[in-house]
Every structure is written in structure tokens, then in C-alpha cells.
Amino acid sequence: MTGGVRAVQVSVFRDPRGRDPETLLRTWPTLTDVAEAVADAGSTVAVVLAADRDAVVERNMVVYHFVRDPAILWPGERRPWVLPARLGRRVRSLEPDVIHAHGFIAPIATWWLRRMLPTVPMLLQDHGGQAPSGWRGTVARRCWQTLSAACFTDPAQAQPYLDAGLLRTDLPIFGVTESSTRFTPGNRAEARVQLGVHGNPCVAWVGRLNANKDPLMVLDAFARAVPALPDPHLWCCYGDAPLLSDVRERISSTPVLRDRVHLLGSLPHAAVQALLRASDFLMLGSHREGSGYAVLEALACGVTPVVTDIPSFRRLTADGRAGAITPAGDAAAMARSLLHWWGTPRPDRRRIALDHFVRELSFPTIGRQLRSVYEAIARER
């Protein structure tokens, strides 16, 4: 289906590994899934992204334009005095009704696109990060004054930008999650056999072992809950792990954790799905997140999140109706929430998670939400 508002989604960062366009479309599923969800919802969608070579690829009603622009290097390394003219000209040639730019970390490129297409409304979507300060904040403030709208997983995430004067106080702010997931519930017993995991309850951690995600607090929360649970086990999947030695020390020095916390390390994506299918709960202690892919994936598998009370997690758990949200850093509160949800029968927990995911967080929902946002800002043209 095509028609409706003509939207061009723009990404200004090149793949640092220099992979070819077809490989990128296979390995960057968020890029394709969101664009195709909007196309399925009835908009005409093209994607323009920086690349090592020029190419045009059409897939599932979406045309992807790979543009080699010398102004753009790789994430975090732009030449600020060179403007992405080739990228901008490609966007302009597509005659969009709306530009949907990804990321708050390239304000100069955003400003340049607005300058090249001054009458076309632009939506800027957050993908994590913090509001810039100092001279970077001054540059961003000037570059973002002509935005038509901004999008965050939860509108509350815009507050630091508004407080710092980086965004206009009258700027429309929309709440739409960055992406969704293709994970499905599957069979719990089969998943447990496949990975060799167990527990009653079986609890998962999926995420980096770093200070922001606060694994030590989660270990403390789990330890507090252990005596009141039948046979709990916590299975930790992680990649980057600067706190791994601290985590190991906490486990070895806490008798109740020694035989109940299992460090799995990095798992392939299919194995992460199996871990979540096998689990009853997901526990995370994040202090800040752009969205929270592990929470999305858990809900899609029918797993109840027990996570911290931050804006994106409030949105993903429906303010705690589809999972627990507790104050960041509060192990006692997280333990109490885990025990509270354990008291809800598993079929009910699973139904609540799956119903919420399908209704509010699935790709069809995101596609409809973004189409509505496009239509809303296009009317202001």
C-alpha cells in the first residue's frame, strides 16, 4: 500500500564497517522495520542514509537511497565545517511532504536539511543520549529552532531539552517508541531445554553490565527476594561488561546468590529470544534509556518486566500496569515488586504482557502512530 503523506526518513551516520547496502538492510532491522511499518499504515516512505557508496534499493514498498557524502564520516565524527549537501539534494529530489530525521546528535545536519527544504515540516526523533551543554548546546539550540515537531519514546524525555532552552516551548512533542521487535512468545518448556535454563521463577537480565544499568542493585534486589520464592534463578545475558568483575565479586560474596545467578555472557539474538521465552521476569536497573529494547522483547515474549521508574520504561510498561516500575537504585522496592508480580498467576501475567505489546508496542501500532504524526505536522505546512 502506498499513498497518503510522502515521508522521507533520514539518517546521517555512515556504517563504520563500510558494509554494502544489501548487507546493511539485513543487519539493521530497525531501519527497515519502522519504515515498512509506516508504509503498511498507508504512507509513502523513502529512506535516505549516508553510506560508503551510492545505491538505490527497493524492498517491501520502501525505497532506500544510499548516498555517499564526504561531509559525513561515522558516528561521532562529522566535519562540522562541511555540510552534507549531496544528502540534502537527494532528500529534496524526493519532494517529501514530511522529513523524519533520526537522532538528536547531528544538529548541524538537521539545520542544513531545514535550510535546503525550508517549507517542508521536519520531525526529529530521539534515539537516546543526553541534552548537549556548553558550546554544543549553543549550536544545537540555534539549529533546532525551526523544527516542526520532536518525538521521544515518552514525551517526558523532552523535558531536559526544554529546561535547557534547546527546544522551543511551543514545539509539538509526540510519544512513539523507537522501534519494536519480531520476537514471539514461543514455547517456554522447549526454550528451557534449548538453553538449559531453569528456575521457579526463572528471571532474565538482558543488557550491558555498566553503571547506568546498575546490575549490582538488581543483584541486591534479587537476593532480597530469594528467601520468599520457591527456587529462583537469575540468568544474565550481556555484551559490554565494564562491571563484570564487580558483579562476580558481589555474587561470590553473597551466599544466597552463588548458586542462583548464572553469567551467560553474549548470546546470539535467537538465543536471547529463547532466554526470554524461558523466563518469567526480566529485571533491569537502568537510570536512563532512550527506549529499552530488552523490555520490548520481554513483553513480546509474554514476560513481565521488573524495571526502574524512568520515562521510557513507564511508557513501555503502561505506567506499571504491564510490569513493575520502581525507583532507580532502590533494591528493596524492586524486590517487593518482584514478589508482588510473582503472586499474579503466570497465565494472567503472560496475557497482560502480550495484550499490551500487541496493542501499544507492535510494529503495526508504531506505523499507525508515525503516520498520524506525519499527517499532523504536514497539515501545518
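Reader: What makes Tyr161 count as buried?

Author: Tyr161 has a relative accessible area of 3%, and buried means under 20% (exposed is over 50%, partly exposed in between, with a 1.4 Å probe and protein chains only), so Tyr161 is buried. One caveat: this is a predicted model, where local features need pLDDT of at least 70, side-chain atom pairs count only at pLDDT 80 or more, and totals for chains, interfaces and linings use all residues. Residues are numbered from 1 along each chain as its sequence is written, and side-chain values use heavy atoms, leaving out hydrogens and water.

Reader: Why is the pair of Phe104 and Tyr161 called tilted?

Author: Ring centres of Phe, Tyr and Trp (its six-membered ring) must lie within 6.5 Å to pair; planes under 30 degrees apart are stacked, over 60 edge-to-face, and the rest tilted. Phe104 and Tyr161 sit 5.0 Å centre to centre with 50° between the planes, hence tilted. Phe104 lies in the loop between strand E7 and H4, and Tyr161 in helix H6, so the pair ties together parts 57 residues apart in sequence.

Reader: Which aromatic cluster does Tyr161 belong to?

Author: Phe104, Trp144, Phe152 and Tyr161 form one cluster. Phe152 is buried too, with a relative accessible area of 1%.

Reader: What makes H3 oblique to H4?

Author: Their packing angle is about 45°, with axes 10 Å apart. Angles under 35 degrees are roughly parallel, over 145 roughly antiparallel, 65 to 115 roughly perpendicular and the rest oblique, so H3 is oblique to H4.

Definitions and conventions. Axes fitted to C-alpha atoms, helices over the stretch in contact; angles between N-to-C directions. Helix = DSSP H or I, 4+ residues; strand = E, 2+ residues; numbered from the N terminus.
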